[in-house]
Amino acid sequence: MPSTVIRNTNYDPATRILSVWFVPSGIRYDYEDVAPATYAAFRKASSKRRFFNEFIRDHHKYHRFGERQAVGK
C-alpha cells in the first residue's frame with residue numbers, strides 16, 4: 001500500500017472497523033462501520049489519500065487510538 005500519507009491499514013470484517021496509521025506521525029485512527037466493499041475499493045484505489053478523503057474521512061465516526069470518546073461524524 002504505497003502512500004505518502006497513509007502508512008498502513010488493517011480491516012476487521014467482523015467489527016467493520018478500519019484502522020489507519022498515518023505518515024509521519026504513526027498515529028492510528030479506527031473508523032467505525034466501514035463496509036467490506038468500501039475497504040476493498042480503498043485497497044484497489046490508485047490514490048489512497050484521495051479515496052480516504054472522499055469516502056472515509058468525513059463519513060465514519062472514528063477514534064484516535066487510545067481515546068475513549070468518538071469524534072467526527
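A residue is taken as buried when its relative accessible area is under 20% and as exposed when that area is over 50%, with partly exposed covering the range in between. In the predicted model considered here, Y31 has a relative accessible area of 4% and is therefore buried, whereas Y62, with a relative accessible area of 22%, is partly exposed. These two tyrosines face each other across a strand pairing, in that Y62 of β4 is the bridge partner of Y31, and β3 and β4 pair in the antiparallel sense over three bridges.

The aromatic side chains were examined next. With ring centres required to lie within 6.5 Å, the count comes to eight aromatic pairs. One of these joins F22 and F52, whose ring centres are 5.5 Å apart and whose planes meet at 70°, so that the pair is classed as edge-to-face. Because F22 belongs to strand β2 (residues 17–22) and F52 to helix α2 (residues 48–55), this pair ties together parts that are 30 residues apart in sequence. Both F22 and F52 are buried. A tilted aromatic pair is formed by Y31 and Y62, with 5.5 Å from centre to centre and 40° between the planes. This pair likewise links distant parts of the chain, since Y31 lies in strand β3 (residues 28–31) and Y62 in strand β4 (residues 62–64), 31 residues apart. Through ring pairs, F22, Y29, Y31, F52 and Y62 are linked into a cluster.

In soluble globular proteins, nonpolar side chains tend to be buried together. The largest nonpolar core of the model has 14 residues, and those with the most contacts inside it include F22, Y31 and F52, along with L18, V20, F42 and I56. Two or more residues are given to this core by each of β1 (6–12), β2, β3, α1 (36–44) and α2, and β2 gives the most, with three residues. For F22, when neighbours within four places in sequence are left aside, the residues in contact are V5, I6, R7, I27, Y29, Y31 and F52.

The strand that carries F22 is also joined to β3, for β2 and β3 pair in the antiparallel sense over four bridges, with R28 of β3 as the bridge partner of W21. The two strands form a hairpin with five residues between them, and G26, in the turn, has a positive phi of about 80°.

Definitions and conventions. Residues are numbered from 1 along each chain as its sequence is written. Side-chain values use heavy atoms; hydrogens and water are left out. Rings of Phe, Tyr and Trp (its six-membered ring) pair if their centres lie within 6.5 Å; planes under 30 degrees apart count as stacked, over 60 as edge-to-face and the rest as tilted. Buried means under 20% relative accessible area, exposed over 50%, partly exposed in between (1.4 Å probe, protein chains only). A nonpolar core is a set of buried Ala, Val, Leu, Ile, Met, Phe, Trp, Tyr and Cys residues joined through side-chain atoms within 4.5 Å. Contact means heavy atoms within 4.5 Å. Two strands pair if DSSP finds at least two bridges between them.
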